[in-house]
Amino acid sequence: MNVIKIFHGSLECVSSPEIRQPNRTLDYGCGFYTTTSFTQAQDWVERHRKDTQKPKSGFVNVYEIDVDFVKNNNCLWFDGPTEEWVDFVYSNRNNRNFKHNYDFVYGPVANDRVYAAFTLYESGLINKQELIRELKTYSLIDQLLMHTPESLKHVSFVESIEIPL
């Protein structure tokens, strides 16, 4: 077993993760998004507090998962930005009818900097190879999506760390 900690930033304590339908298109489709970066989860909390009635705090929820299990069970795994990753993210963001059946998807986060480069690609201003070359110069943070109720059975809640806002 290769158990790692993963983090989910939220304005609430999430001891029992669930799959929710998003109100917008996301990199890897609907599901429960986590990262191996505490800082990324904390940044998410701080960015999204602006969308609410100014809560006094948010939470970085901490979980454990066996990464070997993830890799070996219906997982789409991207070690970095590749043509396949670009195609997958593009399909999820731009084709409302796009569906995938992976339990887990792992790869880079298309954060604000990545999103700006991706927008150039989507607009036809750069090609796929130029996009990938550009993204490889960034220090990319990861994300792990649990896409199905079955995948959530392999996530163990550890704690919620309150983040004062």
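Before we start, residues are numbered from 1 along each chain as its sequence is written, and side-chain values use heavy atoms, with hydrogens and water left out. Since the model is predicted, local features need pLDDT of at least 70 and side-chain atom pairs count only at pLDDT 80 or more, while totals for chains, interfaces and linings use all residues.

**The helix and its cover**

Let's begin with helix α1, residues 38-48. Helices (H or I, at least four residues) and strands (E, at least two) are DSSP runs, numbered from the N terminus. The buried residues of α1 are Q40, A41, V45 and H48; buried means under 20% relative accessible area, exposed over 50%, and partly exposed in between (1.4 Å probe, protein chains only). Looking down the axis of α1, you'd find these buried residues within an arc of 145°, so they line one face of the helix. That arc is taken from the directions from the helix axis to the C-beta atoms.

What covers them? The cover includes β1 (3-10), β3 (57-66) and β7 (156-164). Strand β3 is mostly covered itself, with 9 of its 10 residues buried.

| Strand pair | Sense and bridges | Residues standing opposite |
|---|---|---|
| β1 and β3 | antiparallel, 8 bridges | G9 and V60 |
| β3 and β7 | antiparallel, 8 bridges | F59 and E162 |

**Two buried residues**

H48 is part of α1, and it counts as buried because its relative accessibility is 16%. Its C-alpha atom is separated by 25 Å from that of S91, 43 residues apart along the chain.

L144 sits in strand β6, residues 142-146. With 6% relative accessibility, L144 counts as buried too. Leaving out residues up to four places away in sequence, L144 touches I6, F32, Y33, T34, I65, V70, F104, V105 and Y106, where contact means heavy atoms within 4.5 Å. The C-alpha atoms of L144 and F7 are separated by 9.4 Å, although these residues are 137 apart along the chain.

Of the 14 residues lining it, Q21, G29, C30, F98 and K99 are the closest to its centre. A pocket is an open set of points on a 1 Å grid over the protein atoms alone, where a 1.4 Å probe fits, with protein on both sides within 12 Å along at least five of seven lines; lining residues have an atom within 4 Å of a point.

Key:
Pairing = 2+ DSSP bridges.
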